[in-house]
Amino acid sequence: MTTPYANPSWTPDPEAAARSRIADFGRWAARHQGVETDLTDYPTLHRWSVTDLEGFWGAVWEYFDVDADTPYQRVLADERMPGARWFPGATLNYAHHALRNLVDDDVAIVALDETGSGYEVTGKRLRSQVASVAATLRDLGVGQGDRVVGYLPNTPHAIVAFLAAASLGAVWSVCGQDYAPTAAADRFAQLEPTVLIAADGYLFNGTTYDRREATLQLARVLPTLKATVLVDHVGLPGLSSNYPSLVLPWEETATRTEQLTCTPVPFDHPLWVVFSSGTTGLPKGIVHGHGGVLLEHLKTLGLQSDLGPGDRLLWYTTTHWMMWNLVVSTLLTGATTCTYDGSPALLTHPDILWHLAARHRVTLFGTSPQYLLGMAKFGIDPSVHDLSSIRAVGCTGSALPASAYPWVGEHLGAHVQLASISGGTDVVSGFAGGAPTVPVRAGELSAPYLGVALAAYDEEGLPVVDRVGELVVTRPMPSMPLYFWNDPDGSRYRDAYFSTYDGVWRHGDWITLTSHGSVIVHGRSDSTLNRSGVRLGSADIHDVVERLPEITEALVIGAEEPDGGYWMPLFVVLAAGTELDDALRDRIREAIRTGASPRHVPDEIIEVAGIPHTRTGKKLEVPVKRLLQGAPVDQVVNPAAVDAPDLIEYYARLGVERRAQRRGSRQT
């Protein structure tokens with residue numbers, strides 16, 4: 001499918017592009033790597049980055065002056081996937097690089113919340129707090145390879161705790177406190193952690209949520225805990241006296257006078273464990289290493305996003321979404337990062353994030369497609385605030401519809417770059433997105449990221465251009481997982497990414513690589529719509545339908561039926577005061593027919609109470625499909641991993657009713 005917006009919606013200012021870090025890197029790399037072509041041209045730079053992996057990643061290492069305690073022997077010693085060996089021999093520490101360039105009196109972190117209040121953490125204070133917490137962890141017996149876990153909202157405490165653990169060579173994992181204790185335990189119990197760091201509660205939409213009892217329940221199912229550090233975030237009294245392990249208050253833990261020493265670890269030493277959504281069983285623990293994350297995030301934030309000293313990033317996220325990991329890595333670039341605790345769109349103040357972005361002079365504002373579409377649908381105008389500091393809006397989580405691009409230009413200014421990004425927790429980075437030297441076309445991601453050998457494979461496993469295909473990566477990236485937790489033979493890891501194409505990473509998305517170099521994301525390939533042999537992307541339909549003012553959200557699935565039939569229903573959540581009558585159904589069908597294609601028109605349009613999502617906001621397309629086909633709930637989805645668990649039973653009942661109707665029609 002091609003985008004209806006042929007001309008760029010944003011074109012780089014030549015002078016600004018020439019000043020960008022990525023242009024400087026291109027000039028630097030051409031000189032130092034002996035490349036005779038012009039590497040300030042993005043397509044040429046990208047082509048070099050994926051044909052000469054050692055030259056490119058070695059250049060990233062040198063350009064950002066990676067500080068290794070022992071040098072590497074070779075950039076890429078083994079290119080196998082899985083099993084690539086990057087920078088063998090090198091020892092370093094991620095936390096050292098996050099803290100090394102902080103200026104004592106400059107702001108490293110701005111702590112924000114939905115009340116509009118906040119505070120600043122200087123470089124000196126951040127370094128001091130990390131040293132103090134690291135010393136406490138060391139006193140509790142935490143060392144290399146031990147696990148420290150956080151049950152925390154998105155506040156500076158989470159960043160300090162992570163950096164303290166990383167400085168010791170310990171392994172970090174975190175999830176937000178909107179997770180029930182059982183859902184948090186599904187993740188943390190696998191890791192057998194030594195220390196838990198938890199907050200007393202968090203804020204959301206005007207309500208303070210007390211999580212002390214939840215913390216107690218979580219600790220009771222983590223028998224390896226030696227201690228819990230309790231953060232007084234919302235001002236509630238301490239934990240109950242029957243708590244199963246030692247409890248230390250954060251204020252004592254983080255205010256010791258200590259000298260920070262970061263432990264050098266091998267390049268591929270585990271840094272953190274991030275978890276899959278866990279919609280179909282226990283969440284998979286995805287392990288990333290110090291060196292791979294360091295290089296990948298320097299590239300992603302420093303080059304693709306052009307972040308550096310003087311910049312400020314505000315990206316709405318929770319601690320269990322991979323974007324939190326990128327938010328922390330802002331520190332690697334010398335830029336300031338903002339944390340935010342609360343709802344992104346308060347009932348009483350729906351534009352709270354724009355208000356804070358204006359007050360704190362944010363330069364890169366990050367969000368999700370749902371947020372931008374919601375702003376447009378409900379008539380929120382960010383331009384009432386002084387947003388002149390914003391030069392780019394980042395957007396990820398799902399495919400960003402073409403309709404959102406003009407809205408950003410109209411309400412934030414034509415000079416603002418809208419950088420839609422596609423990536424994943426799996427690589428804790430992006431595969432494709434924006435760059436300050438590449439134009440933006442509505443409905444398209446500007447280009448594959450540097451160092452990402454991206455391709456679209458057809459049914460025969462051959463690369464195609466200007467056609468829908470499977471998103472694959474044909475050469476390794478440093479931030480591909482080291483392994484899955486509790487996967488000793490690597491079988492779960494191989495099955496997840498390498499079972500379809502030998503030695504090629506298959507991510508599970510449908511994309512089109514266009515002849516002008518951009519990328520269009522059509523949705524998950526494991527929820528493919530396949531009508532009469534034609535593969536369709538669900539995102540193409542969602543884009544069209546969710547533009548209609550009567551529709552709050554939509555979900556389309558394609559279900560193969562036992563008699564060989566194929567059922568493609570469209571589920572819609574209606575705006576308040578709207579009725580799904582024949583006239584609206586006709587409008588929806590016509591919008592899909594003209595905005596996508598006649599093949600995209602669904603068999604039925606059904607009003608539903610809501611659309612279920614993972615806790616990071618992704619629609620549960622495959623689980624809903626399987627429920628409608630009759631699969632038992634306990635084999636399809638873990639309700640603890642769903643934002644609205646009651647909707648699971650709702651769709652299971654719809655499936656029962658649908659099958660009963662089909663049986664009745666056959667008997668008739």
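Two strands count as paired if DSSP finds at least two bridges between them. Strands (E, at least two residues) and helices (H or I, at least four) are DSSP runs, numbered from the N terminus. Welcome to the tour! The model is predicted, so local features need pLDDT of at least 70 and side-chain atom pairs count only at pLDDT 80 or more, while totals for chains, interfaces and linings use all residues. Residues are numbered from 1 along each chain as its sequence is written, and side-chain values use heavy atoms, with hydrogens and water left out.

**Stop 1: the sheet**

Begin by colouring seven strands, which form an open sheet in the order E5-E4-E17-E16-E18-E19-E20 with mixed pairing. Which strands stand at the edges? They are E5 (118-122) and E20 (417-420); each has a single partner strand, so one side of each is left without a neighbour in the sheet. From one strand to the next, the twist averages 20°. In general, the strands of a sheet pair through backbone hydrogen bonds, either parallel or antiparallel.

Now zoom in on residues 392-395, strand E19, which runs parallel to E20 and is joined to E20 by four bridges. Select Ala-392 and look across to E20, where Gln-417 is its bridge partner.

Next, show helix H14 (residues 369-377), which packs on the sheet and touches strand E18 (364-367), E19 and E20; touching, or contact, means heavy atoms within 4.5 Å. The direction of H14 makes about 95° with that of E18. Axes here are lines fitted to C-alpha atoms, for helices over the stretch in contact, and angles run from 0 to 180 degrees between N-to-C directions.

**Stop 2: two crossing helices**

Select helix H4 (residues 53-63) together with helix H11 (residues 290-304). Their axes come within 10 Å and cross at roughly 75°. That makes H4 roughly perpendicular to H11 (65 to 115 degrees; under 35 is roughly parallel, over 145 roughly antiparallel, and the rest oblique). Show side chains for Phe-56, Trp-57, Val-60, Trp-61 and Tyr-63 of H4, then Leu-295, Glu-296, Lys-299 and Leu-303 of H11, and you have the contact. These residues divide into seven nonpolar, no polar and two charged (nonpolar: Ala, Val, Leu, Ile, Met, Phe, Trp, Tyr, Cys and Pro; charged: Asp, Glu, Lys and Arg; polar: the others, Gly among them).

**Stop 3**

Most residues other than glycine have a negative phi, and most peptide bonds are trans. Go to Met-81 and Pro-82, joined by a cis peptide bond with omega of about -10°. Pro-82 lies in the loop between strands E1 (76-78) and E2 (85-86).

Then select Phe-87, in the loop between E2 and strand E3 (91-92). Phe-87 is not a glycine, yet its phi is positive, about 45°. Is Phe-87 buried or exposed? It is buried, with a relative accessible area of 1% (buried is under 20%, exposed over 50%, partly exposed in between, with a 1.4 Å probe and protein chains only).

Asn-486, in the loop between strand E26 (483-484) and helix H16 (491-497), also is not a glycine and has a positive phi, about 55°. Asn-486 is exposed, with a relative accessible area of 51%.

**Stop 4: a lone cysteine sulfur**

Finish at Cys-338, which is buried, with a relative accessible area of 1%. The structure holds zero disulfides (pairs of cysteine sulfur atoms within 2.5 Å).
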